[in-house]
Amino acid sequence: MFKRTRLGRRDVTDRKIRINQPVIDETEIEEVSEVLRTGMLTTWHGSGNKVSEFEKMFASYIGVEYAIAVNSGTAALHTALAACGIGHGDEVIVPAMTFVATANVVLIQGAKPVFVDVDPVTLCMDPEKFQNAITDNTKAVIPVHVYGCPAEMDAIMDIAEDKGIVVIEDAAQAHGALYKGRKAGSIGHMGCFSFFASKNITTGEGGIITTNDAEYARKCRLFRTHGQEEAHMAVMPGLNYRMTEFAAAIGLVQLSKLDRLNAIRARNAEILGSYLKGIPNVVTPTFPSYVKPSYYVYTIRVKGGSKKSRDALQKYLMENGIEATVYWPNPVHLHPLYMGLYGYQRGLLPVSEEASDEVLSLPVHPKVSTDELHYIAEKIGEFFVSDF
Ligand SMILES: Cc1ncc(COP(=O)(O)O)c(C=O)c1O
């Protein structure tokens with residue numbers, strides 16, 4: 001059913017095919033070395049030369065006025081919530097199908113994350129479920145662009161603006177993704193990105209907030225450095241969420257490569273999708289026509305039943321050197337933390353719960369070769385036709 005790999009089986013399996021891998025070359029190494037040579041590794045306000053340059057370049061790439069660099073995607077989300085004054089007594093609506101950071105930052109600010117279900121195709125927040133969850137206490141909503149597919153932003157913005165709710169896009173997986181021609185992270189009141197090592201571009205650890213709102217930008221800058229406008233003159237609470245100069249130096253080079261790297265991801269996704277066609281138990285991802293995903297990962301749904309379950313396939317692929325990964329095995333409302341705090345139970349958000357049982361993410365990052373894509377599809381096909 002599948003083309004044989006041009007590489008021998010041993011050549012392919014000898015090296016693990018990782019779910020994601022940074023693309024770092026000599027330019028990043030040179031740029032970091034240059035920063036280390038200058039001795040200016042960071043500044044107390046977090047706006048050193050490299051950080052400022054990176055912020056300008058990122059804002060321009062996303063198509064917004066301001067970008068504020070911080071030291072993780074979690075810090076970006078936390079800073080955005082603080083900038084719009086989310087605190088005790090407030091509710092923030094978040095999809096259950098996300099990384100736990102999206103909800104934890106709400107809790108840390110003293111507010112309540114209210115989980116809603118997702119669209120069965122994109123696995124992004126269902127706008128109708130968002131609308132139904134709004135109460136007098138709802139102050140913000142955090143749509144997540146899952147696996148790099150932008151959420152249904154027009155509908156979300158219409159509902160939110162009607163009710164005066166702040167929209168913070170969680171674009172941690174969506175660098176360069178497009179929604180109706182607009183970049184993810186440019187549509188809500190603020191957008192938050194992660195530069196963790198697995199992301200489409202990386203600074204090792206890192207994050208950034210994008211916005212067109214001057215006051216949110218000012219508050220974000222304050223929050224990332226202990227609320228200080230001048231050294232030792234705090235005007236609001238804050239933390240040390242500053243990005244280092246050498247992280248920003250890596251970010252500048254990475255950003256210059258982003259469109260090229262995303263194009264390779266899209267091509268790999270197309271190739272893998274074509275190889276997976278016809279395997280009965282595998283549902284390949286589809287996207288609305290007006291969306292251009294960033295393909296953080298390539299996520300299939302496994303409809304195998306108990307013996308040929310998603311977990312069994314994942315194990316089989318792992319044994320064969322393919323780091324297939326489940327994002328996320330538990331929707332966030334079913335984490336013990338949130339079940340304990342708010343009494344959430346299985347059955348409440350069925351689309352997210354079913355998805356969590358079926359999703360399996362496969363690598364399409366720029367370092368996966370076409371032979372390896374063949375090999376991944378071959379192993380998946382083999383799993384479903386074999387007797388074990
Ligand atoms: C959807 C989502 N939100 C937030 C984060 C948090 O980003 P970071 O790991 O950089 O703190 C991640 C990172 O994995 C993510 O995937």
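**Core packing and a buried histidine**

Leu362 touches Ile19, Leu272, Leu276, Val297, Tyr298, Ile300, Leu317, Ala324, Ile376 and Ile380, leaving aside residues up to four places away in sequence (contact means heavy atoms within 4.5 Å). The model is a predicted one, in which local features need pLDDT of at least 70 and side-chain atom pairs count only at pLDDT 80 or more, while totals for chains, interfaces and linings use all residues. Residues are numbered from 1 along each chain as its sequence is written, and side-chain values use heavy atoms, with hydrogens and water left out.

Leu362 also turns up, with Phe130, Ile300 and Ile380, among the residues that touch the most other members of the largest nonpolar core, which has 63 residues. Such a core is a set of buried Ala, Val, Leu, Ile, Met, Phe, Trp, Tyr and Cys residues joined through side-chain atoms within 4.5 Å, buried being under 20% relative accessible area with a 1.4 Å probe, protein chains only. Apart from it lies another core, of 38 residues, including Leu77, Ala82, Cys84 and Leu222.

Now for His145, which is buried, at 0% relative accessible area. Its contacts, again without residues up to four places away in sequence, include Cys124, Met153, Glu169, Asp170 and Ala184. Ala184 is 39 residues from His145 in sequence, yet their C-alpha atoms are 7.9 Å apart in space. A polar atom of the His145 side chain lies 2.9 Å from the backbone nitrogen of Ala151.

How values were computed:
Buried means under 20% relative accessible area, exposed over 50%, partly exposed in between (1.4 Å probe, protein chains only). A polar contact is a pair of N or O atoms within 3.5 Å; within protein, one must be able to donate a hydrogen and the other to accept it, and residues adjacent in sequence count only if both atoms are side-chain atoms.
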